[in-house]
Each structure stands twice: as C-alpha cells, then as structure tokens.
Amino acid sequence: MFPISDDNPTRITPYVTYALIGVNIAVFIHQLLLTPPQLNTFFHLYAVVPKELSASFEGISVNQSVPEWFTLISSQFLHGGFLHIGGNMLFLWIFGNNIEERLGHIKYFIFYIACGILAALSQWFFSMESGIPSLGASGAIAGVMGAYILKFPTAKINTLIFLGYFVTTIRLPAVLYLGLWFVQQAFSGVASVSVPTDVGTETGGIAYWAHAGGFVFGAILGPLFGLLSED
C-alpha cells in the first residue's frame, strides 16, 4: 500500500513543510555532486554514527569537527537514494500540512525536529555500538504521522494498492492505514533488533526503531504542543 494523497484540506499555506521539503531536496542534490569518497566522509560527519554518539555521551572525544549531538539534527536532512528521499517527501507532503495547521508554523518546526531527535535516539538505543551512519527524515516524519493518527483518525487516505499485476486505489481511514504502518514497523523492529541497520540506504537496512519511536513520540508530543486544543 502506498499513499498518494489525503482528503483533509487545510486553510493555510504550510510554509514550514514546503521549506523542509526544499532543504531536504537541496541537500540531496549536494550529495549527488559529491564523489563516493566525499559522500562517505559527508555521511560520517553529518549522519548519526551510533558508536561515536555513545562515546560522546561518555565524554570521549571522537575527533570530529561536527559535535555528535548535532548529528541528531543534521542527519534528518540526509538521504541515501532517490527512493528514500522520494518516499519520505511524499509522506511529509501528505501528512505535514495538516499538523502544521494545527500546531502553527513555529511549534510545528520545533515538534518536527524534536520527533526526529527522539526517533534517532530510539534507533541508537538498539544499536549503540554500530559504526554504520544513520540518516534520513523518516523518524521526524513518523512523528508527524503519530500526531496525524491522533488528531485525524477518520481522515481518508487515498492509497495505491499493488496486487501482483493488478493496481487499484482505495480510500482508507487514517487510523487503519497509519495503524497498520506502525504495527509493521514495530514488528520489524523486534525481528531485526540484533541486526545492524544502515539508515536511509536503499541497499541497506531500515531503521524500524526510528520509525516506531518517532511515531510514538509524535503521538505523545502532539498534545503537549496543543494538537488537541479546540479551534
């Protein structure tokens, strides 16, 4: 199942959502201009490297010009391939505008970054000694989705379904579509708990715990940011 839109109009221009999409695309274009060695260095500098983050928490220097805590933010704007950034930006485009309208531009931006940080820490918790860079906006966007299912459970998600060679669309309530998505991430996280993951690469693993963690923290932080307040 692949979402293509939602039946949940907004009354504002979601400037922050547009800006986040724009920055992600700009960074990805920059990545495309790098040579493989340069890209590897770029990822190790700005992505979360779990074992280096663990070392920094213990007060051990990792000899990086970028503080390890900052990678919890910078990693949110890195992607490992066209499918990765394309899927993430589509989800952000569909679900971000409604949450931005509910929270307001500034609180929405803070909420988004906070969800991304907590999602990255969720993944780090299960792979503290991994040396593989973790990157991607998936955790932050999962937080947006966690808030969305809480505020708009009955909103219809126009979903593309592939059944072998047969392709069709169906309108599913958000509570069903996003609920199934979360269950899949949680079960996959349990199944892969001992497997090192390479977040954001199309040929590597998937950070299921970042997805599940971001979703849960989004549902928790949303009300604290005023998501459920009356108009």
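The model is predicted, so local features need pLDDT of at least 70 and side-chain atom pairs count only at pLDDT 80 or more, while totals for chains, interfaces and linings use all residues. Residues are numbered from 1 along each chain as its sequence is written, and side-chain values use heavy atoms, with hydrogens and water left out.

**Exercise 1.** Determine the span, bend and cover of helix 5.

*Solution.* Helices are DSSP runs of H or I with at least four residues, and strands are runs of E with at least two, numbered from the N terminus.
1. Helix 5 covers residues 82–103, 22 residues in total.
2. From first to last C-alpha the helix reaches 30 Å, close to the expected 32 Å (1.5 Å times one less than its number of residues).
3. At G96 helix 5 bends by about 40°, the angle between axes fitted to the seven residues ending there and the seven starting there.
4. Of the 22 residues, 17 are buried (under 20% relative accessible area with a 1.4 Å probe, protein chains only).

**Exercise 2.** Describe how strand 2 and strand 3 pair.

*Solution.* 
1. Strand 2 (residues 156–163) runs antiparallel to strand 3 (residues 166–173), with eight bridges; pairing requires at least two DSSP bridges.
2. Opposite L163 stands F166 of strand 3.
3. Two residues lie between the strands of this hairpin, in which G164 adopts a positive phi near 65°.

Key
Buried < 20%, exposed > 50% of the residue type's maximum accessible area, 1.4 Å probe, protein only.
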